[in-house]
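Please look through the structure below with this report at hand, taking one region at a time.

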Amino acid sequence: MKRSFVLAQISDLHVRTAGRLSYRKVDTLSALKTGIAQLNALRPAPDAVVITGDLTDFGKEAEYATVRALLDELTLPWFAIPGNHDARPAFRRAFVDKSWMPSEGEFLHWEVNDYPLRLIGLDSTVPEKPWGELCEARAAWLSARLAEETEKPTLLMLHHPPFISGIDHMDRQNLKDADRLAQILMHAPQVMRVLCGHVHRYMVSQLAGVIVCSAPGTSHQVAADFTPDGPANFVLEPPGMLLHQWHDDQPMVTHYLPIGDYPGPWPFYDAQGLID
Ligand SMILES: [Fe+2]
């Protein structure tokens, strides 16, 4: 089996139906089109793409139809977990034909065992609430999955970050049960990364010694306002994606790639050496 694996991560698509702007400002649909074109153009192509929640803005059927049509343009295999802006019944119906979508059960968890790395998607959402939970039932499911395969390097995906970001309004709606997740991770050294979304910014933290990454949004970003009780604001900083690269048992490397066209590339060197 190939001993390398590259996973692209996008997050927080917040797609609305055509012509509707999120928060009357953000054209999330066009932003996702740009992101998908960039994903399809990556060379070498990643092995797969994971979407860490908030595929739609309001969890409406029409929004899922819109985002599904766009995701079908992806030329790479893709997997998705729900976020707080999603609605489980509509999410399930939109992706019911995907092999990873569970056919029954309350939570939209899944696992993928087709790659050198194992992927586990965990549904941390609470209906109608912005925060996330790892209740006893979900913790038991996760513990059981991790106990099934203790050797294979594993990536765990969930929408809500299990860390304090320093952005107060987001920290009031993060994963409520980070301690419970930490207890599980302490007994699962095969987990190489925990990947999440929700905070619409690239952040790196750790939990029980495991590196935790949050992905930027594909359209709008949460304002980097670290003042106590700062307002819930967004900004149109460059959108982005993450690329998690793993080769031949080397430690995984995570890249942040902005989405969009930027000047360059230009060479550092010409025939005379370093360009002066
Ligand atoms: Fe979001």
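The report goes from the metal site to the sheet, then to a hairpin and the nonpolar cores. The model is a predicted one.

## The iron site

The iron ion has as its protein donors Asp-12 (OD), His-14 (NE2), Asp-54 (OD) and His-200 (NE2), which lie 2.1 to 2.2 Å from the ion. Along the sequence these donor residues follow the spacing D-x1-H-x39-D-x145-H, and the angles among the four donor atoms run from 88 to 175 degrees.

Distant parts of the chain are linked here, since Asp-12 sits in the loop between strand S1 (4-10) and helix H1 (28-41), whereas His-200 sits in the loop between strand S9 (191-196) and strand S10 (203-207), 188 residues apart. Asp-12 and His-200 are both buried.

## The six-stranded sheet

Six strands form an open sheet with mixed pairing, in the order S4-S5-S8-S9-S11-S10. Strand S4 (110-112) and S10 are at the edges and have a single partner strand each, so one side of each is left without a neighbour in the sheet. On average, and with direction ignored, neighbouring strands of this sheet are turned by 20 degrees against each other.

Within the sheet, strand S8 (residues 154-158) pairs with S9 in the parallel sense over four bridges, and Met-157 stands opposite Leu-195 in S9. Helix H4 (residues 136-148) packs on the sheet, where it touches S4, strand S5 (118-122), S8 and S9, and its direction makes about 175 degrees with that of S5. Helix H6 (residues 178-186) also packs on the sheet, touching S8, S9, S10 and strand S11 (210-214), and the direction of H6 makes about 65 degrees with that of S10.

## A hairpin

Strand S14 (residues 240-247) pairs with strand S15 (residues 253-258) in the antiparallel sense over six bridges, and Met-241 stands opposite Leu-257 in S15. The hairpin of these strands has five residues between them, and Asp-248 takes a positive phi near 50 degrees.

## The nonpolar cores

The largest nonpolar core has 51 residues, and Phe-95 and Leu-119 are those with the most contacts inside it; S1 gives the most to this core, with five residues. Leaving aside neighbours within four places in sequence, Phe-95 is in contact with several residues, among them Leu-55, Tyr-64, Trp-78 and Trp-100. A second, separate core of 27 residues includes Leu-122, Ile-184, Val-194 and Val-212.

Note on methods
Residues are numbered from 1 along each chain as its sequence is written. This is a predicted model: local features need pLDDT of at least 70, side-chain atom pairs count only at pLDDT 80 or more; totals for chains, interfaces and linings use all residues. Side-chain values use heavy atoms; hydrogens and water are left out. Two strands pair if DSSP finds at least two bridges between them. Helices (H or I, at least four residues) and strands (E, at least two) are DSSP runs, numbered from the N terminus. Donors are N, O and S atoms within 2.8 Å of the metal (3.2 Å for Na, K and Ca); water is not among the atoms, so sites may look incomplete. Four donors count as tetrahedral if all angles lie between 85 and 135 degrees; four count as square planar and six as octahedral if opposite donors are over 155 degrees apart and all others between 65 and 115; anything else is irregular. Buried means under 20% relative accessible area, exposed over 50%, partly exposed in between (1.4 Å probe, protein chains only). A nonpolar core is a set of buried Ala, Val, Leu, Ile, Met, Phe, Trp, Tyr and Cys residues joined through side-chain atoms within 4.5 Å. Contact means heavy atoms within 4.5 Å. Axes are lines fitted to C-alpha atoms, for helices over the stretch in contact, and angles run from 0 to 180 degrees between N-to-C directions.
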